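Here is my note on the model. Please read it with the structure open.

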Amino acid sequence: MPNTQKYPDVMDKLVSLAKRRGYIFQSSEIYGGTGSVWDYGPLGVELKRNIKDRWWNSMVRSRDDIEGLDAAILMHPRVWEASGHVAGFTDPLVDCRQCKKRFRADDPKIKGTPGTPDVTCPSCGNKGTLSAPRMFNLMFKTFMGPVEESASVIYLRPETAQGIYVNFLNVQQSTRQKVPFGIAQIGKAFRNEITPGNFIFRTREFEQMEMQFFVKPGTDMHWFEYWKAERMKWHQSLGLAADRLDFHQHTKEELAHYARAAFDVQFDFGGTLGFQEIEGVHNRGDFDLTQHQTFSGKKLEYFDQPNNERFLPYVIETSVGCDRTTLAVLVNGYREESVEGESEGRVVLGIHPSIAPIKAAIFPLTKKDGQPEMARRIETDLRAKFPVDYDETGSIGKRYRRQDEVGTPFCITVDTDSTSDGTVTVRDRDTLKQERVAADRLAVFLFERLGA
Ligand code: GAP
């Protein structure tokens, strides 16, 4: 993996743009904000939904071997014992007795050994006040029903995958799918992360898009390689630059005890953050189904009718974060550039047209001579097919800049000739090229350029 800083750190600029233009806001901002929780504004919700739709279409709708599911966030507490999360989903933490702050035991800012007199607290600077490491579970806990007692403890799911495993036979039998087949779902997950940060990269509430593919043991490595390649192609189809994407193979130390093989798809977020995981592709063997079979006491075997045999399938998992992918798309698209013949440069969000929140903006050049009326007619016609915007305020240059900054791929201008010859100017966000197009051909023109 390259460790040079090929791409600049654009995170602070992106956080400010995202707030200013309605992509992403800090949660509960008027109360001072909630740590590492974010709200998606009008443009952010569209971008994230477009990414989720692309994933759902490629995984579920366009295939006959993957079924969709929407399992509940709250699950039986035994699920998390079976999955290993109650015992093992932990981070070692240290507390400062003086300032009450909490740190991961491996935080590089800690100087000295926690639990000994020579350690220094990275926050208050006191010596010897950090406790020895203690294990801290990352699952959010709450109580089900009116009584707050240990018998009613329930967890907010830290991953969506378990909802799929416990429904394996429900889905298989109701759809009559045959192994190999998969189950996919998109949903919220919660982790009480100790060192969250980098905007929406690591948050305490996030969304995952997970798919578990059930295969016959012995064919697992074939399917593992297949899904590795498919998932990389999907990330490339979002317009993420090829040289910003890479695979990272888990080393023996990184590999979960049940995993037979694991690769991360990584994206180069620029600056010192550099290459980081956006998706995991894992060969989980029969660990999950075995655990749920043992803990629930219910058989989860698949019956292979033609061969008259029963077996527990192995699982190939693909698990990608919606928020992290959204961040990768924003970072990948952000650029500042000078424009020939203009003193002011421009900020562009070069988002792939297929996932851009607004596909085209329509401007009348002036507010007279029937131009606004014609522009409104075009807007109404296009709005039935794509999300579009109408803008008549400020100079045409300013209107272009506003759309560049939110990533709108096309700007359509109605000018003095338009009302007489029925043509308009279409300007491309990336090439800045302008073309004259007949107004009644605009929908076809855009369809051809927006991509699948
Ligand atoms: N079921 C497997 C699983 O959950 P994971 O590597 O812990 O695997 C999968 O998570 C993906 O979920 C990650 O690649 C990342 O994109 C996303 N993710 C995990 N924790 C996250 C967090 N705290 N904030 C945002 N995204 C997160």
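1. Leu432 is partly exposed, because its relative accessible area of 32% falls between the 20% and 50% cut-offs. Leu432 has a positive phi of about 65 degrees, yet is not a glycine. The residue lies in the loop between strand 22 (423-428) and strand 23 (434-438). Bear in mind that this is a predicted model.

2. Arg176 also deserves a look. Its phi is positive, about 55 degrees, and Arg176 is not a glycine either. Arg176 counts as exposed because its relative accessibility is 69%, and the cut-off is over 50%. Its place is the loop between helix 6 and strand 9.

3. Check Pro180 next. Val179 and Pro180 are joined by a cis peptide bond, with omega about 10 degrees. Pro180 is in the loop that runs between helix 6 (168-175) and strand 9 (181-190). Most peptide bonds are trans, and most residues other than glycine have a negative phi.

4. Now the ligand. It sits in the largest pocket. The ligand is surrounded by 17 residues, and the closest are Glu159, Glu193, Thr203, Glu210 and Glu277. Strand 10 (205-215), strand 13 (275-285) and strand 16 (314-321) each supply at least two shell residues.

5. A polar side-chain atom of Glu193 is 2.8 Å from a ligand nitrogen. For Glu317, an N or O atom of the side chain is 2.9 Å from a nitrogen atom of the ligand. On its own the ligand has 560 Å² of accessible area, and the protein covers 91% of that.

How values were computed
Residues numbered from 1 in each chain as written. Predicted model: local features only at pLDDT ≥ 70, side-chain atom pairs only at ≥ 80, totals over all residues. Heavy atoms only, no water. Near = heavy atom within 4 Å. Polar contact = N/O pair within 3.5 Å; in protein donor to acceptor, adjacent residues only side chain to side chain. Areas by Shrake-Rupley, 256 points an atom, 1.4 Å probe, with all protein chains shown as cover. 1 Å grid on protein atoms, 1.4 Å probe; cavity = no way out; pocket = protein on both sides within 12 Å on 5 of 7 lines; lining within 4 Å. Sits in = over half its atoms within 2 Å of the grid points. Helix = DSSP H or I, 4+ residues; strand = E, 2+ residues; numbered from the N terminus. Buried < 20%, exposed > 50% of the residue type's maximum accessible area, 1.4 Å probe, protein only.
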